[in-house]
Amino acid sequence: LRFCQHYQLASNRQLMHTFISIMKYSMVKTFANKYKTSVRKIMRKYNKHGIFCVEEATGQICFMSPKR
């Protein structure tokens with residue numbers, strides 16, 4: 001994410017990583033609830049090489065975890 005790259009030099013980088021992780025988990029839980037399945041199954045289906053990516057008719061929605 002460019003958002004994380006922008007704050008890479010900030011002293012609260014760990015806090016930013018925690019925030020992004022919580023947002024990613026929240027998004028996965030939302031998809032799991034929408035499709036009436038488990039978080040684990042959603043992660044297996046949409047997580048490819050460490051990138052959570054959902055393809056829709058309007059385009060791709062990808063979420064890459066920031067590196068520590």
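Modeller: Happy to! The chain has three helices and three strands, where helices (H or I, at least four residues) and strands (E, at least two) are DSSP runs numbered from the N terminus. Read from the N terminus on, the order of the elements is α-α-α-β-β-β.

A word on the ground rules. This is a predicted model, in which local features need pLDDT of at least 70 and side-chain atom pairs count only at pLDDT 80 or more, while totals for chains, interfaces and linings use all residues. Residues are numbered from 1 along each chain as its sequence is written, and side-chain values use heavy atoms, with hydrogens and water left out.

The predictor's confidence in each residue is the pLDDT, from 0 to 100. The chain averages 78 on that scale, and 75% of the residues score at least 70. Confidence is lowest in helix α1 (residues 2-6), with a mean of 62, and highest in helix α3 (residues 39-46), with 91. Where pLDDT is low, the predicted coordinates should not be read in detail.

Let us take helix α2 as our part. Helix α2 covers residues 13-34, and its 22 residues should span 32 Å at 1.5 Å a residue; the end C-alpha atoms are 32 Å apart, which agrees. The expected span here is 1.5 Å times one less than the number of residues.

Now for its two sides. I call a residue buried under 20% relative accessible area, exposed over 50% and partly exposed in between (1.4 Å probe, protein chains only). The buried residues of α2 are Met 16, His 17, Ile 20, Lys 24, Val 28, Phe 31 and Ala 32. Seen down the axis of α2, these buried residues fall within an arc of 150°, so they line one face of the helix; the arc is that of the directions from the helix axis to the C-beta atoms. An α-helix has 3.6 residues a turn, so residues three or four places apart point the same way. On the face of α2 turned away from the buried side you will find the exposed residues Leu 15, Ile 22, Thr 30 and Asn 33. For the whole chain of 68 residues, 22% count as buried.

Rings of Phe, Tyr and Trp (its six-membered ring) pair if their centres lie within 6.5 Å; planes under 30 degrees apart count as stacked, over 60 as edge-to-face and the rest as tilted. The whole structure holds four aromatic pairs. In the pair of Phe 31 and Tyr 35, the ring centres are 6.4 Å apart and the planes lie at 5°, so the pair is stacked. Tyr 35 itself is partly exposed, at 42% relative accessibility.

Phe 31 and Tyr 35 also belong to one aromatic cluster with Tyr 46 and Phe 52. Phe 52 sits in strand β2 (residues 51-56) and is buried, with a relative accessible area of 1%. Its C-alpha atom is separated by 9.5 Å from that of Ile 42, ten residues away along the chain.

Finally, look at where α2 ends. Lys 36 lies in the loop between α2 and α3 and has a positive phi of about 55° although it is not a glycine. At 71% relative accessibility, Lys 36 counts as exposed. Thr 37 is found in that loop between α2 and α3 too, and counts as partly exposed at 30% relative accessibility. Leaving aside residues up to four places away in sequence, Thr 37 touches Ala 32 and Ile 42, a contact being heavy atoms within 4.5 Å.
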